[in-house]
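Thanks for coming. Please have the sequence and the model open.

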Amino acid sequence: MGRDGIVGLFLLAITLWLYQHTGEIPHPPFIPLGPEFYPRGLLGLLGGLSVALVATDVLSRGSDPTSRRGKKEESFRRRIEPYGQVLLTYFLFGGYVALMPLVGFRVATLLFVAALAWMLGPRSVRHGVVSVSLAAAFTAAVYFVFEVYLKLLLPRGVITGV
Amino acid sequence: MELWLHASARLLQPDVLLSLVAGVVAGLIGGAIPGITITMTVILVLPFTFGMDPLQGLATLIGVYVGGESGGLISATLLGIPGTASAVATTFDGHAMAKRGEPGRAVWLGIWAGLLGGLLAGIPLVIGALTLAALALRFGPWEYFSLFVLTLSIVSSLSEHSLLKGLIAAAVGLFLTVVGSDPIMGVPRFTFGLEYLRTGFPFLPVLVGVYAFAQLMRDLERRRAGQAAALVRGPVALSVSHTRVIREIFSQWTNLLRSTLIGLWIGVLPAVGGSAANILAYDQAKKFSRHPERFGTGIADGIIAAESSNNANVAGSLITMMAFGIPGDAVSAVMIGALIIHGIQPGPLFISSKPDLAYGMFAAYFLATLMTVPIVAALLRLLVRAVSVPLHFLVPVILVLGAVGAYAVNNLVANVWTFFLFGVLGYLMVKLEFPLAPLILGLILGDQIEVNLIRAIMTEPNPLLFLTRPVSGLFLVLSVVSFGWGVVQARRQARAGRLASAVPSGG
């Protein structure tokens, strides 16, 4: 089974799990169509489409046995190479959001922008200095525009108090 | 007329005017930088509009939208890299003309053609939006339900990779709106005990997460070290005789008119977008030309077609957004989010309930279109420099502004987590070749579909009414036709793919 088939099965499993949860939605009395009516219809549709995705994948693979050969021949390392910076960005952003309530928006933003800009760019001292300067200037600009001008209170940190 | 005067007077007040100018400038810069789409620029500007009154905020976003279409052509002509997807066809002749030693002519042909196309499309925008909104007021829940189904079927059937995946994306988008309190009785559904989910997923963090991450991560994947720095070439001669350029455009009035109409029509179609308009108008200009072989060598015809169509596309997209609350493309989807943030319910009642705002939007569209020329004239050198901003600086800045926008919806860090999680989902969907447009449309229309379906069945339990009421029936028949067309297209593509793989490669 190919990638689409696996995605279809995964979707089908989630759909069935959610469908089972529709039984827990309270049905107010004297109402012919309760709040579970629409989600059940929708999940039924999604389930049917997931089955169709699996079936399409299985059938297309049966008629085209060469479809994955090229990909298998490509080395694993070469295939994951472009995703290094993508994963790094997700990882740092996740850390940034987790850090925000602890150290506050300003400190978290300064650290995140400096770290990501430096890690995505060329690894040189000059680029490091530029990244930190950019992070400081950008954090200050965001603070003045959103907090001072637009009166939006950005998250404060429980540790830093700022 | 009174509404026009009132809207224009409000628009000309310094704070609103300044915001509109700032929006056009931001759109031009964002559009000019390859990798920053107009949608992304609107997303970045959006948090700045939260503190504004609705007209000021929407005028800013319309400024970004209009400015962005013109910004895209600057990198398309000078660098050969379209700044936005809606400037792809502009590169064909624009860049060739610039390379030939006429960069100023190439840029200004595009800017003036965009202005004329935009202004011409402004008239149908006003007439079309008002007429369609008036028509939609006569609709009952059956018609609304069927109209939204038609919209979803069009978007799913136009999906790039697979009709089935388009439908799945739409169904997932619809399901996301089910999470939270149900719109009729207020009963919580799928909240799993989380108080945060009682009001459902907040629309903007989801939308921004899906689009911003998907776009940025793809850019990171594609990027090669030092590519951005190498983009800008030596000094470029940008001065030009504007009279000559305008005369050149008017000498091709049929091309201008046809391309404008194509852009307008594509814009009206839900979630299709300016890239399709740009390419289709270019293709048609070539087909109707007496010298099609010269297309791609740097002739004015190609630039005029491409740029008048993508600017007209903005007007078309605003028609469906204002008349029905259905986004014409990703940018208007974000603008619908902006309306919701300002407490305004988009949909057929929008124009009749907020006429001052609707006319203000019309006026903002015209003013932003007119402003593009003097702003480009003043900032062209800066725009040329702007295209060299490297991606490693853009990515963190964009993500932080996206996080601020998500947080600012109701001052919750949980919204930033939503932004992040949907950022993961959006990127995964792109990698698995699921289209994003049906997901977003499902997210926008989900509540309305449910409310109208339940309302229709509760009013009259006969489901056949969806088919027997003429307008509702027509919409459903068109949905089936659209779906059938999608199936035929998918089969054609599959056959073409099989044929291509059967033919041995010549090296």
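Which residues in α6(B) meet which residues in α11(B)? From α6(B) they are B:Ala113, B:Leu116, B:Gly117, B:Leu120, B:Ala121 and B:Pro124, and from α11(B) they are B:Leu256, B:Ser259, B:Thr260, B:Gly263 and B:Leu264.

Some conventions before I go on. The model is predicted, and local features need pLDDT of at least 70, side-chain atom pairs count only at pLDDT 80 or more, while totals for chains, interfaces and linings use all residues. Residues are numbered from 1 along each chain as its sequence is written, and chains are lettered from A and ligands numbered from 1 in the order in which they are written.

Contact here means that the C-beta atoms of two residues, placed from the backbone, lie within 7 Å. Helices are DSSP runs of H or I with at least four residues, strands are runs of E with at least two, and both are numbered from the N terminus.

Back to that pair. Helix α6 of chain B covers residues 103–136 and helix α11 of chain B covers residues 253–268; their axes come within 9 Å and cross at roughly 60°. An axis is a line fitted to C-alpha atoms, for helices over the stretch in contact, and the angle runs from 0 to 180 degrees between N-to-C directions. That angle makes α6(B) oblique to α11(B). The classes are roughly parallel under 35 degrees, roughly antiparallel over 145, roughly perpendicular from 65 to 115, and oblique for the rest. Nonpolar covers Ala, Val, Leu, Ile, Met, Phe, Trp, Tyr, Cys and Pro, charged covers Asp, Glu, Lys and Arg, and polar covers the others, Gly among them.

Helix α3 of chain B (residues 38–49) and helix α4 of chain B (residues 54–78) pack with axes 10 Å apart, at an angle of about 160°. α3(B) and α4(B) are therefore roughly antiparallel to each other, and their crossing is right-handed. On the α3(B) side the contact is made by B:Ile38, B:Thr41, B:Val42, B:Val45 and B:Thr49; on the α4(B) side, by B:Gly57, B:Thr60, B:Leu61, B:Val64, B:Tyr65, B:Gly68 and B:Glu69. These residues divide into six nonpolar, five polar and one charged.

B:Val45 also comes up with B:Ala22: the two are 23 residues apart along the chain, and their C-alpha atoms are separated by 9.7 Å. B:Ala22 sits in helix α2 of chain B, residues 14–32. It counts as partly exposed because it has 17 C-beta neighbours inside 10 Å. The scale is buried at 20 or more other C-beta atoms within 10 Å, exposed at 12 or fewer, and partly exposed in between, with C-beta atoms placed from the backbone.

Is B:Ile154 buried or exposed? It is buried, since 23 other C-beta atoms lie within 10 Å. B:Ile154 belongs to helix α7 of chain B, residues 141–157. Setting aside neighbours within four places in sequence, B:Ile154 is in contact with B:Leu269, B:Pro270 and B:Ser482.

Next, the chain contact. It takes 48 residues from chain A and 41 residues from chain B. On the side of chain B that touches chain A, α8 (163–176), α9 (203–222), α17 (391–408), α18 (413–431) and α19 (436–459) each give two or more residues. α17(B) gives the most, with nine residues. That side of chain B has 34 nonpolar, three polar and four charged residues.

Finally, two backbone cases. Most residues other than glycine have a negative phi. B:Phe190, in the loop between β2 (188–189) and α9 of chain B, has a positive phi of about 55°. B:Glu433, in the loop between α18 and α19 of chain B, has a positive phi near 65°. B:Phe190 counts as partly exposed with 18 C-beta neighbours inside 10 Å, and B:Glu433 counts as partly exposed with 14.

Notes: A crossing is left-handed if the near helix is turned anticlockwise from the far one by less than a right angle, and right-handed if clockwise.
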